[in-house]
Amino acid sequence: MAGPPSTDDVVRAATEAYLRGRTIDMSALATELGLSRATLYRRVGNHEQLLGRVLADSTERTYLAIEAGVTGPPGLARTLVVVERFMRTVVTLAPLKDLARRDPVLFAKVIMSPGEVESRAARLFTELLDRNGLRFDAPTAAVAQAVIRIGDSFMYSQLLGGEPRLDDAVQVIGLLLATAK
């Protein structure tokens with residue numbers, strides 16, 4: 001690596017730790033990259049912000065791979081296939097399950113609170129609804145946000161002692177999206 005590590009270098013190193021099921025340790029990351037902790041924090045923000053970026057990037061990679069694999073004409077049916085495959089894939093991701101098990105409070109805060117993960121997912125799902133020609137009486141971005149919140153509540157119910165209820169999530173999201181004009 002020529003010159004000091006960039007923000008992207010920091011995110012890559014943090015992503016590698018995450019994918020290996022390790023905690024993203026800011027001190028260890030700074031040492032590994034030859035940065036002071038102050039420089040690391042200036043580059044990527046605090047631990048939650050860095051984890052949010054790592055998870056948002058992972059969300060986008062997963063989503064794009066799934067959407068690319070779904071064929072068929074644009075419309076409600078195609079949209080629901082993308083949403084269902086995305087949710088089914090996400091709940092099986094070992095690094096995400098490890099994070100939820102290791103630190104459920106941090107997991108919930110980063111995944112389900114306003115921040116990078118939510119905003120990236122909202123953009124992706126808004127674009128999905130637009131590409132599939134789904135129009136609503138409410139703003140499309142608000143519908144996409146509702147899809148995300150419904151998905152979160154059913155996908156991550158294990159944090160509340162339950163099991164993911166993906167069939168229910170798909171059914172409820174389908175009801176919402178069926179209101180498209």
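A crossing of two helices is left-handed if the near helix is turned anticlockwise from the far one by less than a right angle, and right-handed if clockwise. The structure is a predicted model, in which local features need pLDDT of at least 70 and side-chain atom pairs count only at pLDDT 80 or more, while totals for chains, interfaces and linings use all residues. Residues are numbered from 1 along each chain as its sequence is written, and side-chain values use heavy atoms, with hydrogens and water left out.

Helices (H or I, at least four residues) are DSSP runs numbered from the N terminus. Helix 5 passes helix 10 in a right-handed crossing. The two helices, helix 5 and helix 10, pack at about 150°, and their axes are 10 Å apart; axes are lines fitted to C-alpha atoms over the stretch in contact, and angles run from 0 to 180 degrees between N-to-C directions. Helix 5 is therefore roughly antiparallel to helix 10 (angles under 35 degrees count as roughly parallel, over 145 as roughly antiparallel, 65 to 115 as roughly perpendicular and the rest as oblique). Contact means heavy atoms within 4.5 Å. On the helix 5 side, the residues that meet helix 10 include Leu76, Leu80, Val83 and Met87, and those they meet in helix 10 include Leu166, Val170 and Ile173. By class, this contact of helix 5 with helix 10 has 9 nonpolar, 2 polar and 3 charged residues (Ala, Val, Leu, Ile, Met, Phe, Trp, Tyr, Cys and Pro count as nonpolar, Asp, Glu, Lys and Arg as charged, and the others, Gly among them, as polar).

Helix 4 (residues 47–68) also packs on helix 5, with axes that come within 9 Å and cross at roughly 135°. Helix 4 and helix 5 are therefore oblique to each other, and their crossing is right-handed.

Helix 9 has 16 residues (140–155) and should span 22 Å at 1.5 Å a residue, which agrees with the 22 Å between its end C-alpha atoms; the expected span is 1.5 Å times one less than the number of residues. Its buried residues include Val143, Val147, Ile150 and Phe154, where buried means under 20% relative accessible area, exposed over 50% and partly exposed in between (1.4 Å probe, protein chains only). Among the elements that cover the buried residues of helix 9 are helix 5, helix 7 (104–112) and helix 10.

Ile111 lies in helix 7 and is buried, with a relative accessible area of 6%. Leaving aside neighbours within four places in sequence, Ile111 is in contact with Leu55, Leu96, Val117, Asp152 and Tyr156.
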